[in-house]
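Dear colleague,

I am handing over the structure below, together with notes on what was found in it. Please read the notes beside the coordinates.

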Amino acid sequence: MHKIFSFGFWNSIARLILRNRIIIIVLIAIATFLLSTQWKNMRFSYTEANLMPDDHPVNVSYNDFLDKFGEEGNLILLGVQDSALFTPEKFKAWNELTKKITSYPEVDHIISPASLKELKKFEDPQRFEMVPVLESKDPDSTQLKEFENKLFTELPFYENLVYSSHSNTIQSAIYLNKDLVNTKARKIFVLEELDPLIEEFEEDHGIDVRVSGMPYIRTLNAQNIVDEIGLFILAALIVTSIIFFFFFRSIRATLISMFTVCIGVMWAFGVIGLLHYEITILTALIPPLIIVIGIPNCIFLINKYQQEIQKHGNQAKSLQRVITKVGNATLMTNLTTASGFATFILTDSQLLREFGVVASINIIAIFILSLLIIPVIYSYLRPPKDRHLKHLTKRWIGGFTNWTENMVRNHRIAIYISSIVLLIASIIGIYTIKISGSILEDMPKNTTFFKDVKFFESEFDGVMPLEILIDTKRPQGVMKLSTLKRMDELEQFIQDIPELSKPLSVNRLAKYSKQAYYNGNPKYYQLPSSQERNFIMPYAKSLSSSDGLMQSYVDSTGQFARITTFMKDVGTEKMEEIENDLLPQIKKIFPEDRYNVSLTGKALLFQKGTNYLVRNLIISLGLAIFLIAILMAWMFRSFRMIIISLVPNLLPLLVTAGVMGFIGVPIKPSTILVFSIAFGISVDDTIHFLAKYRQELKANDWKIKRSVYAALRETGVSMFYTSIVLFFGFSVFMISSFGGTVALGGLVSATLLFAMLANLLLLPSLLLSLERSIANKEVLKEPAMKIIETDEDENDFRTEDEKN
């Protein structure tokens, strides 16, 4: 009864599709148009992806910091390592450039050599004032030489802020408006205003200007993602269409498949817009993923159609059988693939949830589109000619299936030994894998902005802010000398860490006040003693209110202070070492009963987020394996078959993890995705093989060997076709300039190739070796869902055209 219902259901679907072709075409056209109207809602991310939930303690701490001091990632740096800058003509040009940049509404203020001020003491009344270091507006070469010498020898306040402590490199610091830094205005300013200005300056004056800072890095990185979406889609279409044509030798079949997946891509963009999700480095992968995953659907459907035409030449019967025979199997394989992606929805990471939602929806959507479009289009076309069916009898494909059958028949011991060796080697490799949480690691290494990051790392010790928030637990507690001394002790410790830059804090101003009190003598650039503080205070009273120099480093109540240091691009392991060094020192310097001190900042946030994400992704992989095991249990109703089916799908994942360890590819957000994606796709081959095997068992009176070889010959070609398409399809991601995307493409491709071989060699070998324990009908009961229909079933349900 269940068998009849299953086939009857798909027979009804076939009738519905073939009898309502015009309605289906119209509905697809309307759905495509409506989804295309949602493209305008697609947004590109203007901030780093938040890898943790909002209520995570690390996020709470960071948001607390932002509430008190505002966005810390609002600094763009312009660096010049050229002594010619201190010549009259070029210095004037640099001054004009910085003035022009300051005029933009996106810029809050700028610290540049030409606009530098020094702190001076005045007696009547007693006060400090910030006066220009360079008094002349049009200095000559002598004045510039004096200015250069004074800057590098007498103004330690500006060390690592305007000039490098390592060389004579000069930088200008552009502080963007904190309200605009995470909006579209930043992108327009950087790409359409700042970059053209700098290029023009470089051309006119022959000076190489280096540009960096988190807003600049984020903008160019986001633009690279946008640029690569189109490149990926085009490359995926070209690669898959070439492979498809090579297999089928039919322009018509190729164009129909390309049309189907292009509609799928349009729907994918529509779904992203409809849900108002941002385009991130993950969601940008979905359109090409839909192409790569959609083409195997087309292969199964078109291949079946051509096989039926070759068998009996009846087009109506062929189209009906395509839907009834392949529809169920394709549905189940797409469901398992979608479930692999859907497990990301269960994580606490918004980035992963959005990726999981869009990917799983669109995988089901491309299945529906394939099932509707291909039979409908073919129903309006003439049946394929003999030359289009030649690929069905290709000798080289026969040679491949003969090789797999020979290996399974005669070399099972070799297959097992190879599998065990691979497993042992993989476990060894897995122990060498490292976790990486660097913001910059996956960014394009060949771009100018990445090279500029390395320049600023060597000259100014980093561009990624690490913040220390100090709560003195009392108003005006920051300016107490005891607090300033504690901060100075911590800053001295930070300076000794090679991966961190010289810190910025209110201490700089306190030290500068003492230097100014002693008439600018640089040897007095140090914290004042309690006695000196009493002398200096009358001069310093008006300083904070008139120039606002302390506002960035002390809050309005005087209770909270920040120490800002900049980090080099270090991985998770080194970051954890730095954190483990800093935290005990902080507790030692700042007693917990008098101070609350916390580490925060973009660099720490990303590192913590990576660890959090890796844990979530491991959980999601476990869920994917569990979910698919449950699905297999429901389909085949046999615990032993679940174990047998999981082995050839888990082994390739372990092999890939081992390869990552040996070649030094770390676990990070981009590479951990490999396992869930590859597992969800590779299990499709297992379902096809076991479904065919189950069918052959019934046809061959439960003879295991005969059934295994028959299933191997029948499914080997389709598995080979789809695996090759998937291999080259995912290889497309290797053209990316992002290291993580390259790794994702290469690792998924390799994993799917391993999985194909495991399903064609290891799976049938296991079935043959364990034939005694699975050779009875109790172990292989009637499946809960009929995946492949038999001709016997079909005799009960012929189309009305055939009956008539």
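**Confidence and overall content**

In this predicted model, residues 775-779 keep a pLDDT under 50, and the model has eight contacts for them beyond four places in sequence; pLDDT is the predictor's confidence in each residue, from 0 to 100, and a contact means heavy atoms within 4.5 Å. Residues 792-804 also have a pLDDT below 50, and this stretch has 19 contacts in the model beyond near neighbours in sequence. Where pLDDT is low, the predicted coordinates should not be read in detail. For the protein, the mean pLDDT is 80, with 89% of the residues reaching 70 or more. Among its elements, the lowest mean pLDDT, 43, belongs to helix α27 (residues 800-803), and the highest, 92, to helix α2 (residues 21-36).

On conventions, residues are numbered from 1 along each chain as its sequence is written. Local features need a pLDDT of at least 70 and side-chain atom pairs count only at pLDDT 80 or more, while totals for chains, interfaces and linings use all residues, and side-chain values use heavy atoms, with hydrogens and water left out.

The protein has 27 helices and eleven strands, taken as DSSP runs (helices H or I, at least four residues; strands E, at least two) and numbered from the N terminus. Of its 804 residues, 59% count as buried, where buried means under 20% relative accessible area, exposed over 50% and partly exposed in between, with a 1.4 Å probe and protein chains only. Of the contacts with a separation of 6 or more, 80% are between residues 24 or more positions apart.

**The sheet around β9**

Three strands form an open sheet in the order β10-β9-β11, with antiparallel pairing; two strands pair if DSSP finds at least two bridges between them. Its edge strands, each pairing on one side only, are β10 (560-567) and β11 (596-600). Strand β9 (residues 464-471) is joined to β10 by eight bridges, with I468 partnered by I563 and M464 standing opposite M567. On the β11 side, β9 pairs over five bridges, and L469 stands opposite S598.

Both faces of β9 are covered: M464, L466, I468 and I470 are buried on one side, and P465, E467, L469 and D471 on the other. Helix α15 (residues 481-495) lies across β9 and β10 and runs at about 10° to β10, the angle being taken from 0 to 180 degrees between N-to-C directions of lines fitted to C-alpha atoms, for helices over the stretch in contact.

Helix α14 (residues 448-460) has 13 residues and reaches 18 Å from its first C-alpha to its last, close to the 18 Å expected at 1.5 Å a residue; the expected span is 1.5 Å times one less than the number of residues. Its buried residues include F449, F450, D452 and V453, and what covers the buried residues of α14 includes β2 (75-80), β6 (170-176), β7 (209-212) and α7. Just after α14, D461 takes a positive phi of about 65°.

I238 lies in helix α7 (residues 214-248) and is partly exposed, with a relative accessible area of 43%. Its C-alpha atom is separated by 9.5 Å from that of G729, 491 residues apart along the chain.

Helix α21 (residues 639-663) has 25 residues and reaches 37 Å, close to the 36 Å expected. This helix bends by about 30° at V647, and a proline, P648, follows within four residues; the bend is the angle between axes fitted to the seven residues ending there and the seven starting there.

Best regards
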